[in-house]
Amino acid sequence: GFILKIHKILTTGILKEEFSGKIRKVQVMISGAEDLPPKPQFVEKELDGLRKDIRSGIGRGSETALSEA
């Protein structure tokens, strides 16, 4: 979907190609951060929530870009 396409664009050349634009399947940590990112089994559910938030919260005129999200 749309979010994974953005992820691929932003992470190309940073992440290995096998991870860029994909939903992760392992736990990750962010050095120096107090909070942990969601566990891998919850990432897809979190993305679904993000998609719903985007669709309900963005102003008019964004529907075309978000229809693929």
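Colleague: In which helix does Leu10 lie, and why is Leu10 called exposed?

Modeller: In this predicted model, Leu10 lies in helix H1. Its relative accessibility is 60%, and exposed means over 50%, so Leu10 counts as exposed.

Colleague: What makes Ile6, Ile9 and Leu10 a nonpolar patch?

Modeller: Patch residues need over 30% relative accessible area and no salt bridge, and nonpolar side chains are joined within 5 Å. Ile6, Ile9 and Leu10 form such a patch on the surface, with about 320 Å² of accessible area together.

Colleague: Why is the pairing of Arg51 with Asp48 called a salt bridge?

Modeller: The side chains meet at 2.6 Å, N to O. The cut-off is 4 Å, so the pair qualifies as a salt bridge. The structure holds 1 salt bridge. Arg51 and Asp48 both lie in helix H2, 3 residues apart, which is about one turn of the helix.

Colleague: What makes Pro38 partly exposed, and which residues does Pro38 touch?

Modeller: Pro38 is in the loop between helix H1 and helix H2. Its relative accessible area is 35%, which falls between 20% and 50%, so Pro38 is partly exposed. Not counting residues up to four places away in sequence, Pro38 touches Arg24, Gln27, Val43 and Glu46.

Conventions
Residues numbered from 1 in each chain as written. Predicted model: local features only at pLDDT ≥ 70, side-chain atom pairs only at ≥ 80, totals over all residues. Heavy atoms only, no water. Helix = DSSP H or I, 4+ residues; strand = E, 2+ residues; numbered from the N terminus. Buried < 20%, exposed > 50% of the residue type's maximum accessible area, 1.4 Å probe, protein only. Contact = heavy atoms within 4.5 Å. Patch = residues over 30% accessible without salt bridge, like charges linked within 9 Å, V, L, I, M, F, W, Y side chains within 5 Å. Areas by Shrake-Rupley, 256 points an atom, 1.4 Å probe, with all protein chains shown as cover.
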